[in-house]
Structure formats: structure tokens, C-alpha cells
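Here is a short note to read alongside the structure. Keep the 3D view open and find each residue as you go.

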Amino acid sequence: MSGTDGQTALFADAVIGPKRPLLKWAGGKSQLMAVLHRAMPREFSRYAELFFGGGALFWSLGLPGSLVADSNPELMNFYEVVRDAPKELLAAVRGLPITKDDYYRIRRLRPGKLTGLDRAARFVYLNKTCYNGLYRVNRDGQFNTPFGGRTDVAVLDEQDVQAASSLLRVPIRMPREPRCDQNGLNARKGDEAAPERRCGEEP
Ligand SMILES: C[S@@+](CC[C@H](N)C(=O)[O-])C[C@H]1O[C@@H](n2cnc3c(N)ncnc32)[C@H](O)[C@@H]1O
């Protein structure tokens, strides 16, 4: 089965993922799924999604045993929390009121001073309630997209989070350098053994 509505699984060991990506993300590939599926090789040893973003292709393939990475630390922290603490994340998000004042209060919180759980809740809350789902940071790395204006937003769908959590039982990596090669991570020449940075660690 596939996690994408109305599509048939490409691979026998695929599992059901969320119906749609958990985040709005620029450059998401949801609209291109049929084309991407046609272009997939039918046999390979391991699927590595190194530019994860909203993960549209990853969710639609539903392949356990994959590897995922992205250079955005907020994004990778979010997916780690989805994987490790889905119920706690849903509860934390439910505790965040959606009003203009609350939006700016929550936006002012500094992610580095929050627990991984609160940081993930803040991240998805801002992603769903900001203007156009646009992830934009200033020179200091602070999220600065304005409020989107809607207060009736469903920030997270419980079933989708649980499905995503099951499928994300995979290594989640963030490259030390914002570079990946096609074999894996940390593609700095002569430094293949450099460890990946854990989400939330300062460079
Ligand atoms: C367009 S999104 C990916 C869309 C996604 N693969 C899908 O199926 O919808 C691109 C992502 O690549 C990440 N990215 C950009 N440059 C990167 C790099 N050099 N290494 C790792 N991730 C990178 C960005 O943070 C962004 O989240």
C-alpha cells in the first residue's frame, strides 16, 4: 500500500504512510508523484531521501529501512519527535492556541532554548499557521514569516502523525555541512568519516 491517496504501492514491502505530508514545504513533490513513480527503478538496495523537505516521495513509497536527511535542523528535529514521541507531539500542538497574538508570542520563542518536543510543536504550528506555509528566516536564523490570518487550521492530523511515526523508524541525519553526496552524507573531500551533527547541536 502507499501513503498517497488513490495510488497503488510500487514495492511489495511498502507500508502505509500519512495521507499527505505533515508539513507545507516549498518545492514539495506531491503533484509530481505519478511521474516520479514511473521514473523509480524497480530494484535497489536502499532508499535514501537526502533532501527530505516535506517528504512527499518518501511517504508515498512507504519503504521501511530507508535513510532520511535534510540540512534544516528544525525540520530534522521535527521528524525525530514525530518518530519518537508522536502522542506527546500531538498533545503539545493541541495546547497551542491559534490567534494572531499567540502566533507572534510563539514565533518569538527561541528554538535553541526549548526542549526538542516544544521545538517540534512550535515548528509545525508556525508552518501551518504562517502566511502561505512559507519557511523563511532572517540573517540570524530566526523565523520571520507573518501570521497567515486563519484560526481554523488543523495543525496536525492524528492518524497521519501515527502513520508517519511508524514509517520513520529509520535513521534521521543532518549533514554537518549542508552538502550530501549520492552515497550518503558528509561529502567533504578527504573527510568521509566526519560524524553527522545531531539535530539541535550547534555547528
Ligand atoms: C524541495 S525540498 C525536498 C522535497 C521532497 N524531497 C519531496 O519529496 O517533497 C528540498 C529540501 O532540501 C534541503 N536541502 C537543500 N540543500 C541541501 C543539502 N545540501 N543537503 C541536505 N539537504 C538540503 C532543504 O532544506 C529542503 O528541505
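The points below go from the whole chain to its core and then to one pair of helices.

1. Start with the overall layout, and bear in mind that this is a predicted model. The chain has seven helices and five strands. Read from the N terminus, its elements follow the order α-β-α-β-α-α-α-α-α-β-β-β.

2. Next, look at the chain as a whole. Of its 203 residues, 30% are buried. If you take contacts between residues at least 6 apart in sequence, 63% of them link residues at least 24 apart.

3. Now find the largest nonpolar core, which holds 36 residues. Phe 78, Tyr 79, Val 82 and Val 124 have the most contacts inside it. At least two core residues come from each of these elements: helix H2 (56–61), strand E2 (67–69), and helices H3 (73–84), H4 (86–94), H6 (116–129) and H7 (158–167). In soluble globular proteins, nonpolar side chains tend to be buried together.

4. Which residues does Phe 78 contact, leaving aside its neighbours within four places in sequence? They are Ala 120, Phe 123 and Val 124.

5. Finally, turn to H4 and H7. Their axes lie 10 Å apart, and the helices pack at an angle of about 150°. Because angles over 145 degrees count as roughly antiparallel, H4 is roughly antiparallel to H7. Their crossing is right-handed.

6. Zoom in on where these two helices meet. H4 brings Pro 86, Leu 89 and Leu 90, while H7 brings Glu 158, Val 161, Gln 162 and Ser 165. Four of the residues in this contact are nonpolar, two are polar and one is charged.

Methods. Residues numbered from 1 in each chain as written. Predicted model: local features only at pLDDT ≥ 70, side-chain atom pairs only at ≥ 80, totals over all residues. Core = buried A, V, L, I, M, F, W, Y, C linked by C-beta atoms within 7 Å. Buried ≥ 20, exposed ≤ 12 C-beta atoms within 10 Å, placed from the backbone. Helix = DSSP H or I, 4+ residues; strand = E, 2+ residues; numbered from the N terminus. Contact = placed C-beta atoms within 7 Å. Axes fitted to C-alpha atoms, helices over the stretch in contact; angles between N-to-C directions. Parallel < 35°, antiparallel > 145°, perpendicular 65-115°, else oblique. Left-handed = near helix turned anticlockwise from the far one by under 90°. Nonpolar A, V, L, I, M, F, W, Y, C, P; charged D, E, K, R; others polar.
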